[in-house]
Amino acid sequence: MENVVDLFQENHSNHEKPIQKIHNYDELFAKFKFKTDRYDLLDMAFTHHSYCEVNNINSCVCYRKLEFLGDSVLQLGVATYLYRKDFDRGVSSNYKNQIVSNYNLRQVATNMDLEKYIRYDNSRYKPTLDTIVANVLEAIFGVIYLTNKYEKVNDIIIEILCKDFNRELCEINNNPKCKLNEYAAKNKILINYCVKSTERHADNTYTFVVELTNNHDGKVILGQGTNCKNAEQDAALKYLQFFEDLQK
């Protein structure tokens, strides 16, 4: 672990010792049940590349590298957790895909109120904040991995993402558009998807916004994703959850 941290610090030689923190992270530490004095890494985890662009800051201080690392740690942690459960490979794969999905990460990050820490250019990226908070959550896992033993970040991943995951919801999440089509066919509901906007970002990624409408209740749902298919799946899932809430 020391070697990993040393390599990371070597690439950020300007941060030879912890810098003054931008935020008070005590509340964040309480939510994740960890603490570190590496405020430079935490500030980096909450910095979107758009903030660097508008402030003429080197893009190396944005969360991209930490997100990359955190995503890998997250995948391994969830896979290890599911390996120890009594599931076959196919079920475990489906569950893992849904637990680490952007939709689930967005929900967790939003519930933890991570948005208030993020530095980004909201004049251009406000519509994509849902995606940004999911990336930030992965970046935080990267920070925890760099500043603690792997067992620590693994325990946090299980506590935050795995411990109370909803298996029934995971089955729906596996292909919400297919589930919605089945429901619509049984109830003679006509579902329509329409692309409302497509935005290309500075890092050559895209955000698609799709509008879901129907001839049953007039409900209009907006879905978002990195491609049209993912945006439609997101809209379908939100509509299914709308039905679920009505039945409670």
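Reader: Is K116 buried, partly exposed or exposed in this model, and on what value does that rest?

Author: The model is a predicted one. K116 has a relative accessibility of 41%, so K116 counts as partly exposed.

Reader: Which residue does the side chain of K116 meet in a salt bridge, and how is that residue classed by accessibility?

Author: The side chain of K116 meets that of D113, with an N to O distance of 3.8 Å. This lies inside the cut-off of 4 Å for a salt bridge. At 36% relative accessibility, the partner is classed as partly exposed; the residue is D113.

Reader: Which parts of the fold does the salt bridge between K177 and E232 tie together, and how many residues apart in sequence are they?

Author: The closest N and O atoms of K177 and E232 are 2.4 Å apart. K177 belongs to helix α12 (residues 176–186) and E232 to helix α13, so the pair ties together parts whose separation in sequence is 55 residues.

Reader: Are K177 and E232 buried or partly exposed?

Author: K177 has a relative accessible area of 23%, so K177 is partly exposed. E232 has a relative accessible area of 15%, under the 20% limit. E232 is therefore buried.

Reader: Which residues do salt bridges with shared partners join into one network?

Author: The search of the whole structure finds seven salt bridges. Salt bridges that share partners link four residues into one network: E27, K31, D113 and K116.

Reader: How many residues apart in sequence are the parts tied together by R106 and D234?

Author: The side chains of R106 and D234 form a salt bridge with an N to O distance of 3.1 Å. R106 is located in helix α7 (residues 102–111) and D234 in helix α13 (residues 228–247), so the parts they tie together are separated in sequence by 128 residues.

Reader: What are the relative accessibility values of R106 and D234, and how are the two residues classed?

Author: R106 has a relative accessibility of 8% and so counts as buried. D234, with a relative accessible area of 5%, is buried.

Reader: Which backbone nitrogens does the side chain of N214 reach?

Author: N214 is part of strand β2 (residues 206–214), and its relative accessibility of 12% means that N214 counts as buried. One backbone nitrogen reached by the N214 side chain, at 2.7 Å, is that of H216. Another, at 2.9 Å, is that of D217.

Methods: Residues numbered from 1 in each chain as written. Predicted model: local features only at pLDDT ≥ 70, side-chain atom pairs only at ≥ 80, totals over all residues. Heavy atoms only, no water. Helix = DSSP H or I, 4+ residues; strand = E, 2+ residues; numbered from the N terminus. Buried < 20%, exposed > 50% of the residue type's maximum accessible area, 1.4 Å probe, protein only. Polar contact = N/O pair within 3.5 Å; in protein donor to acceptor, adjacent residues only side chain to side chain.
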